[in-house]
Amino acid sequence: MRRLFVFAAVLSLPLSFAAAQDTKPADSAPGQIRALIDEYTQSIDAADPAMGAMVWLTTPEASFIHPLGEESGWDQIAAHVYGKLMGQTFSKRSLTLSGEPLIRVFGDAAVAEFHWDFVATVRSNGSDVHTKGRESQLYVKFPDKGWRLVHVHYSGPAVQMPASASF
């Protein structure tokens, strides 16, 4: 009986190890970045640059590329993305992820990729807006600040190439 127990325990070790590798505890780099992505979406929903400042690197090195242009530095991101685009354009916003983000960590840098769904109400006329897209985010870990979002690049969904087209 003891041999059976030892045999079962030895066989279950690789399975336990594999299961542990698939999780993203909150104290791991991917877990911390996943939590920051949630804070980021909440800051966009609230159009609140103060909330955004808890996620972003709030220096001139931060950048944001989007279909309407690009912002260089936290001051432009706060004013144009949070203030003008999200705050002044929409009276309500809801940014949600379509599935779990893919997070790759490279030492003190990390890239997060995800697809999103955005539903909003236009402030000027009350019309509804629903867009989908994809986003990549670059995070850097700073000794005095922890992980901070330093760059966002977002675009609409990929377009399908016509069947008759080729590269």
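Student: Why is Trp 74 called buried?

Tutor: In this predicted model, Trp 74 has a relative accessibility of 9%. Buried means under 20%, so Trp 74 counts as buried.

Student: And what makes Tyr 82 buried?

Tutor: The relative accessible area of Tyr 82 is 1%. That is again under the 20% limit, so Tyr 82 is buried.

Student: Why is the aromatic pair of Trp 74 and Tyr 82 called tilted?

Tutor: Start with the pairing: the centres are 5.9 Å apart, and rings pair if their centres lie within 6.5 Å. The planes make an angle of 55°. Stacked requires under 30 degrees and edge-to-face over 60, and the rest count as tilted, so this pair is tilted.

Student: Then what makes Trp 116 and Tyr 154 an edge-to-face pair?

Tutor: Their ring centres are 5.4 Å apart, with 80° between the planes.

Student: What makes Glu 70 exposed?

Tutor: Glu 70 has a relative accessible area of 57%. Exposed means over 50%, so Glu 70 is exposed. Glu 70 lies in strand β2 (residues 69–72). Leaving out residues up to four places away in sequence, Glu 70 touches Phe 64, Ile 65 and Gln 76. The C-alpha atoms of Glu 70 and His 153 are 9.0 Å apart, with 83 residues separating the two along the chain.

Student: Why are strands β4 and β5 said to pair?

Tutor: Strand β4 (residues 102–106) and β5 share 5 bridges in the antiparallel sense. Pairing needs at least two bridges, so the two strands pair. Within this arrangement, Arg 104 is opposite Val 111 in β5. β4 and β5 form a hairpin with 2 residues between them, and Gly 107 in the turn has a positive phi of about 70°.

Student: Which residues touch the most other members of the largest nonpolar core?

Tutor: That core holds 33 residues, and the ones touching the most other members are Ile 33, Ile 37, Tyr 40, Trp 56, Phe 64, Ile 77 and Tyr 139. The elements giving two or more residues to the core are α2 (29–46), α4 (74–88), β3 (90–97), β5 and β7. Tyr 139 has contacts beyond four places in sequence with residues including Ile 33, Ile 37, Val 55, Trp 147 and Leu 149.

Student: What does the whole protein look like in numbers?

Tutor: The protein has 4 helices and 7 strands, in the order α-α-α-β-β-α-β-β-β-β-β along the sequence. Of its 167 residues, 32% count as buried. The protein exposes about 10,400 Å², and carbon and sulfur atoms supply 60% of that area.

Conventions:
Residues are numbered from 1 along each chain as its sequence is written. This is a predicted model: local features need pLDDT of at least 70, side-chain atom pairs count only at pLDDT 80 or more; totals for chains, interfaces and linings use all residues. Side-chain values use heavy atoms; hydrogens and water are left out. Rings of Phe, Tyr and Trp (its six-membered ring) pair if their centres lie within 6.5 Å; planes under 30 degrees apart count as stacked, over 60 as edge-to-face and the rest as tilted. Buried means under 20% relative accessible area, exposed over 50%, partly exposed in between (1.4 Å probe, protein chains only). A nonpolar core is a set of buried Ala, Val, Leu, Ile, Met, Phe, Trp, Tyr and Cys residues joined through side-chain atoms within 4.5 Å. Contact means heavy atoms within 4.5 Å. Accessible areas come from the Shrake-Rupley method with a 1.4 Å probe; for residues, only the protein chains shown count as cover.
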